[in-house]
Each structure stands twice: as structure tokens, then as C-alpha cells.
Amino acid sequence: MKYDFTSIIDRHGKDAIAVDGLGTRPGFSPELPKEGFDIIPMWVADMNFPTVPTIPEAIIKRAEHPAYGYFDPTEEYFNSIIKWHEIRNGVTDLKAEHIGYENGVLGGVISALNVLCSKGDNVLVHAPTYIGFTMSLTNNGYNMIHSSLVQDENGVWRMDYEDMEKKIVENKIHAAIMCNPHNPCGRVWERWELEKAMELYKKYDVYVVSDEIWSDLILDGHKHIPTQSVSEDARNRTVAVYAPSKTFNLAGLVGSYHIIYNRWLRERVRKESSLCHYNDMNVLSMHALIGAYKPEGYEWVDELCQVLTDNVDFACDYIKKHFEGVEASKPEGTYMLLVDCTKWCEKHGKTIEEVEHSAWDVGVAVQDGRMFHAPCHLRMNLALPLTRMKEAFERLDKYVFNAE
């Protein structure tokens, strides 16, 4: 491969909660390992790979100019986004006027909901549910109504359209969140699935906020379909939110954007986003996005997706062969793996809390799935060099699931 996905980078002291945050947030972050074990970070959703070199190059080049005053996003910024979506997602009608800055995807979600809903309104979300949705909706006075995804005969997570319709009617729902691809289940929704969901939302005049931050991280054999692309009605009732942060590991720089085709909706979301006077782009964040969306970035992401595909294959195969009673539906996108320990816990008389503490003790810093409304699950970040992946699963084998 042209780019480096094998080096083990030391992130200690480099502003990474993935390693320095262990033991600092009881109930959220994993605990520190016992003496003799180093940390293998597999919880918070950032990557343990060095990003594409064009990003630090762009940041450094801009930082060398010693003035960092007020600015407006440049034509190059908008053109970079437009070209990215055209080449990667087949979007041919995106214009600069449709794009608006957001400090973060979750901020964009809340700005849209504040336009579409009143405080105390019910919002439809799928379960398992990304913890960021749970925290931001709850903190902003919205009630989450969960429609649980169900696994089919092949273990593939599917939307339950009958349940979705029931929840919409019973709870007078006017807004829903679509996670496309889904976090933490890793589903890359097929066109027919999105079409069916959007027809349901059209029937009951439900507006949609589509979180598509994972849309670049698609594994072999799958393709991202933008929610707005499945019909003219979907295009006009959907606020889509994106960012280069998940793709290129830029969360610490802050910088997301929304795509809204509906002028009425777009103008109101932009007004809502502006009210706090803190939703302003960072100049280095702008240049980081431009650096990410250069030709090298396209190559880098393609290689990354192959690495992630191989990592997912390894993890799922290892679980199937070595961890009796542990189940994992193979993700189609993202780099997160949701691991179901229900049968193993029942057989061994253990709780999921005991399982995760056993993992944390030996440095395998996985995340508690209960935060994602997955009752007996672990959530694992697989975006790390394969050598570290193998070490992590060997520790889980020896000290957790097959401990003597």
C-alpha cells in the first residue's frame, strides 16, 4: 500500500482521550489496565492510523502565514466538498448554496430539530442508538422514541417498518433521525431500504435528519446511498450532515457541514445555527478539509477501507472460531463492531460489566454497549493496525472468554 496503516503510533500526551482519557470518566471511559499491560484503544470512535499527509501539509502551510483573523470560507472549500460528493457518491446537483458549516454533526442535528420541533417533542431514532444522539437530544429537551432494529435470518440488522409506523402514529412524531451508515450496527442501508423508510416519512409528513458522517467508510461489497438521493421528496424533507472528521481522524479540529436542498428549511436551519454566535469555522479546520479532499485523500480512503475490511473480517472470524456464545453481525461500513455477549454471559453466569472489566484489566479498552441501548454488548473500534488487533483478541481469548 502507498500509505501507512501498520505503524503503531504513540498517542500518549498527544491530546487523545482514547488513551489519556482512561480512568477519568467513570461510567463512560474504560478503566486503566493492571500493571504489565499496555493500552489497546478500542472504544472512542477515532482511528489509530496517521492521517493522509496532505492534511498536515495544508495546515502547516496556512499556519506559516502569521495572521489568523476573520475570514469567509473560500470557493476552494465549497468546490472540494462538491467534487468529493460527486466522485464518491454520484451527486451531480450539489451547489455551494446548499452547503452550510456546522461545528459538529450533533450540533447540526440539534439545529435542525430546533427548527422542526418544539421542546418536549418526540423524535424517532433506531435502537441500538449512538450515544451522541442520546445525550444531545436529552440535553436539549427532546424525547427519544426508539424503534428497534431487528436481525434477519442471516444476522443482518434491518429496519422494522411496521414498528416505525406504529411509533410515528402513537407518539405524534414529526422528526426522525436516520443514521446512514448506522452506528453502532454498521449497516450500510440499501436503496430499497431507504426508499421504504422515506415513503413512510412522507406518508406522515415526518422530516428527517440524516447523519452521514460515516459515509466514506464503506467496506468491500457495499455502497453508500445518500438519503437525499432516493426521491425528490427525500431531497426536500431531509437535512444531511457530514464531516471529514470521522474519515480522516480530524475530530479535534472541529468542522462539519450540512447539505440542505430545501430553501425554506435551509434558511431556518442556518438562522438557528447562528443564534449562539459560536458556530463559526476555524481557519485551520477549513484548510484541513481542503487538504483531505485532495486527490491523495481519495487514494488514502480507498486504502483505508480495504484495511478496515480486512480488520473486520479478522475480528468476526476470530470471534466465530474462538469465542463460543459470543456473536457479531459483520458490519458493512464504519469501523465499529457491536459484539453480543448474551449467550456467553448466560452460560458462564457473568454480567456484561464483569466482561468489560476483565477486558479493561488486560488493556483491551472496549466500550460498554449499554450506553448504545444494546443491553449485553461490547462496542469495539477496529481502526488500528492489524498487529494490535491480533494482540487484543489474543488477550480477550486468554483472559476473558476462555480464561482458565
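**Cavities, pockets, rings and strands**

Modeller: In this predicted model, the largest cavity has 14 lining residues, and those nearest its centre are P244, V254, G255, S285 and L289.

Colleague: Which helix gives the most to the lining of the largest cavity?

Modeller: The largest cavity holds about 90 Å³ of space. Its lining divides into ten nonpolar and four polar residues, with no charged residue. With four residues, the element that gives the most to this lining is α11.

Colleague: Which strand gives the most to the lining of the second largest cavity?

Modeller: The second largest cavity has a volume of about 50 Å³, and the residues that line it include V125, H126, F133, I177 and H182. Two strands, β3 and β7 (175-179), each supply at least two residues of that lining. The greatest contribution, three residues, comes from β7.

Colleague: What is the bridge partner of H126 in β4?

Modeller: Strands β3 and β4 (residues 143-148) run parallel and are joined by six bridges. H126 also belongs to the lining of the second largest cavity. Its bridge partner in β4 is S147.

Colleague: Which strands stand at the edges of the open sheet of four strands?

Modeller: The order in this sheet is β11-β12-β15-β14, and the pairing is antiparallel. An edge strand has a single partner, so one side of it is left without a neighbour in the sheet. The strands in that position are β11 (327-328) and β14 (367-368).

Colleague: Which residue of β15 is the bridge partner of D340?

Modeller: Strand β12 (residues 336-340) pairs with strand β15 (residues 377-381) over five bridges, in the antiparallel sense. Within β15, the partner of D340 is H377.

Colleague: Is the pair of F37 and Y399 stacked or edge-to-face?

Modeller: A search of the whole structure finds 20 aromatic pairs. For F37 and Y399, the ring centres are 5.4 Å apart and the planes meet at 85°; planes over 60 degrees apart count as edge-to-face. The pair of F37 and Y399 is therefore edge-to-face.

Colleague: How many residues apart in sequence are the parts that this pair ties together?

Modeller: F37 lies in the loop between α1 (17-20) and β1 (40-41), whereas Y399 lies in helix α15 (residues 386-401). F37 is partly exposed at 26% relative accessibility, and Y399 is partly exposed at 34%. Because of these locations, the pair ties together parts whose separation in sequence is 362 residues.

Colleague: Is the pair of W84 and Y293 stacked or edge-to-face?

Modeller: The ring centres of W84 and Y293 are 4.3 Å apart. Their planes lie at 15°, and planes under 30 degrees apart count as stacked. The pair of W84 and Y293 is therefore stacked.

Colleague: Where in the chain do W84 and Y293 lie, and are both buried or exposed?

Modeller: W84 is in helix α3 (residues 75-89) and Y293 is in the loop between α11 (283-292) and α12 (295-322), so that the pair links parts of the chain 209 residues apart. Both W84 and Y293 are buried.

Colleague: Which residue lies over the face of W84?

Modeller: W84 is part of one aromatic cluster with F5, F49, F248, Y293, Y298 and W300. At 5.1 Å from the ring centre of W84, the residue over its face is R88.

Colleague: Which residues lie closest to the centre of the largest pocket?

Modeller: The largest pocket contains about 1,400 Å³ of space, and its lining has 27 nonpolar, eleven polar and eight charged residues. Helices α2 (54-63), α4 (105-116), α5 (131-139) and α9 (245-248) each supply at least two lining residues. Of the 46 residues in the lining, the closest to the centre are A45, D46, L250, A251 and G252.

Definitions and conventions
Residues are numbered from 1 along each chain as its sequence is written. This is a predicted model: local features need pLDDT of at least 70, side-chain atom pairs count only at pLDDT 80 or more; totals for chains, interfaces and linings use all residues. Side-chain values use heavy atoms; hydrogens and water are left out. Rings of Phe, Tyr and Trp (its six-membered ring) pair if their centres lie within 6.5 Å; planes under 30 degrees apart count as stacked, over 60 as edge-to-face and the rest as tilted. Buried means under 20% relative accessible area, exposed over 50%, partly exposed in between (1.4 Å probe, protein chains only). A charge sits over a ring if NZ of Lys or CZ of Arg is within 6 Å of the ring centre and within 35 degrees of the ring normal. Two strands pair if DSSP finds at least two bridges between them. On a 1 Å grid over the protein atoms alone, a cavity is a set of points where a 1.4 Å probe fits but cannot get out, and a pocket is an open set with protein on both sides within 12 Å along at least five of seven lines; lining residues have an atom within 4 Å of a point. Grid points are joined across faces, edges and corners, and a volume is the space filled by probe spheres set on the points. Ala, Val, Leu, Ile, Met, Phe, Trp, Tyr, Cys and Pro count as nonpolar, Asp, Glu, Lys and Arg as charged, and the others, Gly among them, as polar.
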